[in-house]
Amino acid sequence: MAELPEIHRLSRQMRETLCGRTISSVELLQEKCTNVQPVEFAQRVSGAEITDVWNKGKWIVTELSNDENILLSLGMGADVLFFEDEKDTPEKYQVKVVFEDGCGYTIRFWWFGKLLLVKGDELASEPNTKGIAMDPFDERFTFERFLALVKGKKTQVKAFLMDQKNVSGIGNMYMHDILFKARLHPQRKVSELDDGDIKRLYDSMGEVLNHSRDKGTFAYEKDFFGQSGGFTTDDFLVGYKEGKPCPVCGEAIVSIKTGSTASYICPVCQER
Ligand SMILES: [Zn+2]
């Protein structure tokens, strides 16, 4: 499942490739994934030029010159693939966007994703993206800001980081190593953390996510040009490594249940 490093890479590639191109047609084959009828969707975006692409947490926002915005959520995963020529499109897709010069991109959702069309003045109040917090790649996401965010919260630390209204872009995949590096048990209460714990957690988020970004992001996700990333399951420290030795103390890594998700931890390094 795509998390911040993968989404960040995809939105950057889309921005670099698509800005300045004018949409000639949109084919939307899965009505369930959108908020307007496919015919209306196509009418509202055809003839518009892409002016910017950016991410808000795990959502990718494509801004158009006519004040429309295309909001994309990959859901459980999706292939978003650029093509130079329409004859090279993959066999299966639910969305196809074609530009006036003949290139374009397709989207194939692995499960259900979302593709919404939102006018500029409705963007701030759009229910799916309203309230999504800043992500750790944002340069304004400073330690002071994170510290202020944490203070006064009573949830468990994993639930706190999973909540996209606190910090956006982190899901279950990178979480294990983030908490391990910070030496925090996922069920520790945020209110019990001292400033040192919070600093380790802040640094750990940056280190783990940047490490994946530096390696080209997760190997099972394709980028806009169909390339796989270089961050493999071997790169995880404790994530998905049940029974393997902890890289710090050698104790066997265990999987525990935390709410609806599993967590991989070292029971020695991450005491409850
Ligand atoms: Zn350990």
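**View 1. What covers the buried residues of α1.** The cover over the buried residues of α1 includes β2 (50-56), β3 (59-64), β5 (78-83) and α6 (195-214). Contact here means C-beta atoms, placed from the backbone, within 7 Å. Helices (H or I, at least four residues) and strands (E, at least two) are DSSP runs, numbered from the N terminus. The model is predicted: local features need pLDDT of at least 70, side-chain atom pairs count only at pLDDT 80 or more, and totals for chains, interfaces and linings use all residues. Residue numbers start from 1 along each chain as its sequence is written.

**View 2. Helix α1 from end to end.** Helix α1 holds 15 residues (residues 4-18) and should span 21 Å at 1.5 Å a residue; its end C-alpha atoms are 20 Å apart, which agrees. The expected span is 1.5 Å times one less than the number of residues. Buried residues of α1 include Leu 4, Ile 7, Leu 10, Met 14 and Leu 18. Buried means 20 or more other C-beta atoms within 10 Å of the residue's own, exposed 12 or fewer, and partly exposed in between, with C-beta atoms placed from the backbone. Gly 20 follows α1, with a positive phi near 95°.

View 3. Ile 198, Leu 201, Tyr 202, Met 205, Val 208, Leu 209 and Ser 212 are the buried residues of α6. They cover an arc of only 140° around the axis, so they lie on the same side of α6. The arc is taken from the directions from the helix axis to the C-beta atoms. Asp 195, Gly 196 and Asp 214 are exposed on the other side.

**View 4. Packing and end of α6.** The buried residues of α6 pack against α1, α3 (143-150) and α5 (172-181). Gly 216 follows α6, and its phi is positive, near 90°.

Conventions:
Contact = placed C-beta atoms within 7 Å.
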